[in-house]
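The sequence and the model come first.

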Amino acid sequence: QPRLVESGGGLVQPGGSLRLSCKASGVGLRSYAIGWFRQAPGKEREGVSCISSDDDTTFYEDSVKGRFTISRDRASDTVYLQMNALEPEDTAMYYCNLKRREGKGWGTVVDYWGPGAQVTVSS
């Protein structure tokens with residue numbers, strides 16, 4: 001069963017940068033998508049960015065396009081989210097998320113979550 005551990009969160013001023021890391025273990029050979037969701041107090045959880053294990057296809061939520069870049073190190077099963085030009089609106093708990101089809105055949109998509117990393121953007 002996959003396990004996820006985030007690192008790299010912290011406090012940064014507007015316009016600054018942070019790099020989040022998500023180390024995955026127990027992923028096996030099955031295809032998956034991995035990336036980040038975030039949730040601010042009083043807000044719904046939203047997908048931020050993810051990348052496919054098969055072909056490195058990426059997704060970015062509209063508000064982070066051009067500012068965030070997701071990448072993956074296949075050898076270490078680590079995914080990175082480089083966050084530039086951070087804004088106060090980016091303040092949230094960021095959760096590493098892995099989506100993988102489980103069961104025989106095509107199966108059903110199952111979510112796995114890391115414990116979260118706080119990102120605070122404030123002057």
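For the residue classes used below, Ala, Val, Leu, Ile, Met, Phe, Trp, Tyr, Cys and Pro count as nonpolar, Asp, Glu, Lys and Arg as charged, and the others, Gly among them, as polar. The model is predicted, so local features need pLDDT of at least 70 and side-chain atom pairs count only at pLDDT 80 or more, while totals for chains, interfaces and linings use all residues. Residues are numbered from 1 along each chain as its sequence is written, and side-chain values use heavy atoms, with hydrogens and water left out.

**Pockets**

A pocket is an open set of points on a 1 Å grid over the protein atoms alone where a 1.4 Å probe fits, with protein on both sides within 12 Å along at least five of seven lines; lining residues have an atom within 4 Å of a point. A volume is the space filled by probe spheres set on the points, which are joined across faces, edges and corners.

| Pocket | Volume | Lining by class |
|---|---|---|
| Largest | about 240 Å³ | four nonpolar, four polar, six charged |

The largest pocket is lined by 14 residues, of which S31, Y32, R100, R101 and W106 are the closest to its centre. Strands here are DSSP runs (E, at least two residues), numbered from the N terminus. Two or more lining residues of the largest pocket come from each of β4 (32–39) and β9 (92–102); β9 gives the most, with four residues. In the second largest pocket, 13 residues form the lining, and R38, A40, E46, E89 and D90 are the closest to the centre.

**Sheet**

Two strands pair if DSSP finds at least two bridges between them. An open antiparallel sheet has four strands in the order β1-β3-β8-β7. Because β1 (3–7) and β7 (68–73) are at the edges with a single partner strand each, one side of each has no neighbour in the sheet. β1 pairs with β3 (residues 18–25) over five bridges, with R3 opposite S25. β3 and β8 are joined by six bridges, and L20 stands opposite L81. Six bridges also link β7 to β8 (residues 78–83), where D73 faces T78.

**Loop residue P115**

P115 lies in the loop between β10 (108–113) and β11 (117–121). P115 counts as exposed because its relative accessibility is 64%, where exposed means over 50%, buried under 20% and partly exposed in between (1.4 Å probe, protein chains only). Beyond its neighbours within four places in sequence, P115 is in contact (heavy atoms within 4.5 Å) with L4, V5, E6 and Y95.
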